[in-house]
Number of protein chains: 2
Amino acid sequence: MAKAISDGTGAFYHHHPRVACIVTASAGGKDNAMAVAWHTSISFKPPLYAVSLSPKRFTYQLIVDSKEFGVNFLPFAAAEMVAAVGGSSGREIDKFQRFSIARDKPVKTMVPILKDAYAAYECRLVDDRGYGDHRLLVGEVVAVHLLEESFAADETLALDKVSPILYLGHELYVTTSADTVRSLDRKIYGQR
Amino acid sequence: MAKAISDGTGAFYHHHPRVACIVTASAGGKDNAMAVAWHTSISFKPPLYAVSLSPKRFTYQLIVDSKEFGVNFLPFAAAEMVAAVGGSSGREIDKFQRFSIARDKPVKTMVPILKDAYAAYECRLVDDRGYGDHRLLVGEVVAVHLLEESFAADETLALDKVSPILYLGHELYVTTSADTVRSLDRKIYGQR
């Protein structure tokens, strides 16, 4: 099948789904939360997590001030909350109050942990680096909060218990299809 | 619901699904491909894409030598190929030959573009930075290959036409559930 080819300056965004997360921070008595689609693990030892966000965001300033951030992963049932968090600014409102977002207590930092999250990380900022129009914030994961009933014995997400939020771009969200799970042993397939 | 709390040094990996991609590179007459779960966009202007991989990988050396890499996104039907690529090393075999992986021609670089990909990027390396046990490779996206029939008019992935590969951890893969797509206008939800 022939493909359309372009440079990267066009629709460089919506080519695949991404798990939506809520990045949280607290500084100067203010808590905030923002929706982030650009994020990934980047190291096992030490455990490092990177989030990419615009320096214009209120949350960015809170993270720079506090040197901490939280990363929260929510079930599909909370997609409306993610859209609300994504469509408002902490400069104007207290999102936790406005959207009735419940918090758990953090244990190693001051970052808000969302009660509805199936997994959440507390991170200490170890790097803040500009790449193009965004900043890449790298945090060492100093605490992990897990809703145990959402995970299988092998520590993968139990998709029959929890459905993650995937962001497709624009205003679209989707989740996984639990009945499509396949186990493909890479050692076997790699030896074919 | 009470959560289990631990530090980040344990099961820091499988807490949410990630779109699997195949990172490709070519140097010294050798092409290679590896499966990567840690990757994200990090800037719109210029368009930058970051992939995290171990410096022990054969592909890492090819990228360092050529200053280029490809990022390929494949349909769920190609999950076995991703497992095969993930379970073998380019130091020992030619994965393209062994697994009959067809290539499209790149247009701005020498990186292999996978014919089966619904989207693929050609990237020029602009940064190579160590974080913990991995390297974060940042590439400027200089060409985008898109299988047009896989995308809707608004340039989001058309999930009724193509199902992306999500990696759950260990040897597990899953895809999206097209009938769960929800459109949630963040401007409306953010004003509630």
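Reader: How many salt bridges does a search of the whole structure find over all chains?
Author: The search finds 16 salt bridges over all chains. A salt bridge here is a side-chain nitrogen of Lys or Arg within 4 Å of a carboxyl oxygen of Asp or Glu. This is a predicted model, in which local features need pLDDT of at least 70 and side-chain atom pairs count only at pLDDT 80 or more, while totals for chains, interfaces and linings use all residues. Residues are numbered from 1 along each chain as its sequence is written, chains are lettered from A and ligands numbered from 1 in the order in which they are written, and side-chain values use heavy atoms, with hydrogens and water left out.

Reader: And across the interface of chain B and chain A, how many?
Author: Eight salt bridges are found across that interface. One of them joins the side chains of A:Glu80 and B:Arg192, at 3.9 Å from N to O. This pair crosses between chains, from A:Glu80 in helix H2 (residues 79–86) of chain A to B:Arg192 in the segment after helix H4 (186–190) of chain B. Helices (H or I, at least four residues) and strands (E, at least two) are DSSP runs, numbered from the N terminus.

Reader: Is A:Glu80 buried or partly exposed?
Author: A:Glu80 counts as partly exposed, at 30% relative accessibility, and B:Arg192 is exposed, with a relative accessible area of 55%. Buried means under 20% relative accessible area, exposed over 50%, and partly exposed in between (1.4 Å probe, protein chains only).

Reader: With which residue of chain A does B:Glu80 form a salt bridge at 2.8 Å?
Author: That partner is A:Arg182, the closest N and O atoms being 2.8 Å apart. B:Glu80 lies in helix H2 (residues 79–86) of chain B and A:Arg182 in strand S14 (residues 182–183) of chain A, so the pair joins two chains. B:Glu80 is partly exposed, with a relative accessible area of 29%. The side chain of B:Glu80 also meets that of A:Arg192 in a salt bridge, at 3.9 Å from N to O.

Reader: Which residues are linked with A:Lys3 in a network of salt bridges?
Author: The network links A:Lys3 with B:Asp104 and B:Lys115. Within chain B, B:Asp104 and B:Lys115 form a salt bridge with their closest N and O atoms 2.9 Å apart. They belong to distant parts of the chain, 11 residues apart: B:Asp104 is in strand S8 (residues 103–104), and B:Lys115 is in the loop between strand S9 (113–114) and S10. B:Asp104 is buried, with a relative accessible area of 16%, whereas B:Lys115 counts as partly exposed at 37% relative accessibility.

Reader: What does A:Asp104 touch, leaving out residues up to four places away in sequence?
Author: A:Asp104 touches A:Ile113, A:Leu114, A:Lys115 and B:Lys3, where contact means heavy atoms within 4.5 Å. A:Asp104 is buried, with a relative accessible area of 16%.

Reader: Turning to the interface as a whole, what area do chain B and chain A bury between them?
Author: They bury about 8900 Å², 61% of it on carbon and sulfur atoms. Buried area is the accessible area (1.4 Å probe) that two parts lose on being put together, summed over both. The contact takes 98 residues from chain B and 98 residues from chain A.

Reader: In what order do the four strands of the open sheet run?
Author: The order is S2(A)-S12(A)-S13(A)-S14(B), with antiparallel pairing. Strand S2 (18–19) of chain A and strand S14 (182–183) of chain B stand at the edges, each with a single partner strand, so one side of each is left without a neighbour in the sheet. Strand S13 (residues 172–174) of chain A and S14(B) are joined by two bridges, and A:Tyr173 stands opposite B:Arg182.

Reader: Lastly, which residues of helix H1 of chain B are buried?
Author: In H1 (residues 58–66), the buried residues are B:Phe58, B:Thr59, B:Tyr60, B:Leu62, B:Ile63 and B:Ser66. Their cover includes strand S3 (21–27), strand S4 (30–36) and S11 of chain B. Just after H1(B), B:Lys67 takes a positive phi of about 60°.

Notes: Pairing = 2+ DSSP bridges.
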